[in-house]
Amino acid sequence: MIRLFNRKRTISNPLTVDIHSHLLPGLDDGVSSLDESLEILKNFEKFGYKKVVTTPHIMSDFYRNTPDGISEALRELQHFVKDKTEIIVEAAAEYYLDEGFIELLTEHADRILCIGNKYILFETSFMSEPVYLKEAIFYIQSHGYKPLMAHPERYQYLHNSWDLTMDLIDRGTLFQVNINSLAGYYTKPVQKMAIRLIKNSIVHFLGSDCHNMHHWDVTLKAFNTRGFRMATGLPLLNNSLA
Ligand SMILES: [Fe+2]
């Protein structure tokens with residue numbers, strides 16, 4: 001557990017591994033330069049993290065990232081930060097649940113990028129339940145992986161249906177809540193949903209979903225929230241990936 005003092009209070013962070021961020025420049029809507037990545041990675045290190053698994057978007061319409069392209073960008077970042085930070089940087093992906101993702105799961109499972117050889121991070125539309133949501137979960141599991149839903153607290157269709165939320169859990173889906181949701185960064189309903197998930201002990205990972213330095217500044221504030229303290233009292237899986 002790292003404890004650092006800022007002007008007003010102690011910042012305590014027991015997390016040592018982050019599993020959701022956008023720190024490979026040029027691949028998505030995340031950082032714009034290697035320098036920005038380095039600055040963020042140094043901050044992760046300062047606040048107790050030992051490893052960051054960064055997860056560029058893969059989305060058929062906007063971000064057609066490939067394993068080769070991600071590996072190349074990762075190698076470039078690793079080379080750039082070498083000797084400047086001790087933090088370990090790895091990469092996987094954040095898959096948008098669209099037809100391209102279903103095709104990947106059904107026809108090219110060998111090309112899937114997963115976190116810690118185990119977890120497939122996926123996101124969905126914010127508004128409505130995707131048609132293939134339950135199929136995607138099934139396909140992920142059929143390949144021996146664990147489905148890890150990115151920021152479930154941000155989806156309107158889950159705000160409207162606790163039954164569906166619990167159904168996803170019953171099917172073996174793991175939930176990754178964004179740390180910034182706990183600071184009210186998105187909306188109040190998102191913050192409220194995050195707290196509800198925590199109170200029901202159905203949060204398995206916390207993630208920064210860091211896209212830039214502004215996001216990191218919010219994360220620092222979120223470390224001081226009651227929601228963060230409650231969440232880190234759960235048996236989170238982050239540190240199992242150290
Ligand atoms: Fe993300």
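Author: Happy to. Helices (H or I, at least four residues) and strands (E, at least two) are DSSP runs, numbered from the N terminus. This is a predicted model, where local features need pLDDT of at least 70 and side-chain atom pairs count only at pLDDT 80 or more, while totals for chains, interfaces and linings use all residues. Residues are numbered from 1 along each chain as its sequence is written.

Let us start with two helices. Helix α1 covers residues 34-46 and helix α2 residues 67-81; they pack at about 65 degrees with 10 Å between their axes (lines fitted to C-alpha atoms over the stretch in contact, with angles from 0 to 180 degrees between N-to-C directions). From α1, the residues Leu34, Ser37, Leu38 and Leu41 meet Leu77, Phe80 and Val81 of α2; contact here means C-beta atoms, placed from the backbone, within 7 Å. Six of the residues in this contact are nonpolar, one is polar and none is charged.

Glu86 is exposed, because 10 other C-beta atoms lie within 10 Å (exposed means 12 or fewer, buried 20 or more, and partly exposed in between). Its C-alpha atom is 28 Å from that of Thr225, which is 139 residues away along the chain.

Now for the sheet that β6 belongs to. Three strands form an open sheet in the order β3-β4-β6, paired in parallel; a pair needs at least two bridges found by DSSP. β3 (17-18) and β6 (88-91) are the edge strands with a single partner each, so one side of each has no neighbour in the sheet. Between β3 and β4 (residues 51-54) there are two bridges, and Val17 has Lys51 of β4 as its bridge partner.

β10 pairs in parallel with β9 (residues 146-150) over three bridges, where Leu148 stands opposite Leu174. Three bridges also link β10 in parallel to β11 (residues 205-207), with Val177 opposite Leu206.

Conventions: Contact = placed C-beta atoms within 7 Å. Nonpolar A, V, L, I, M, F, W, Y, C, P; charged D, E, K, R; others polar.
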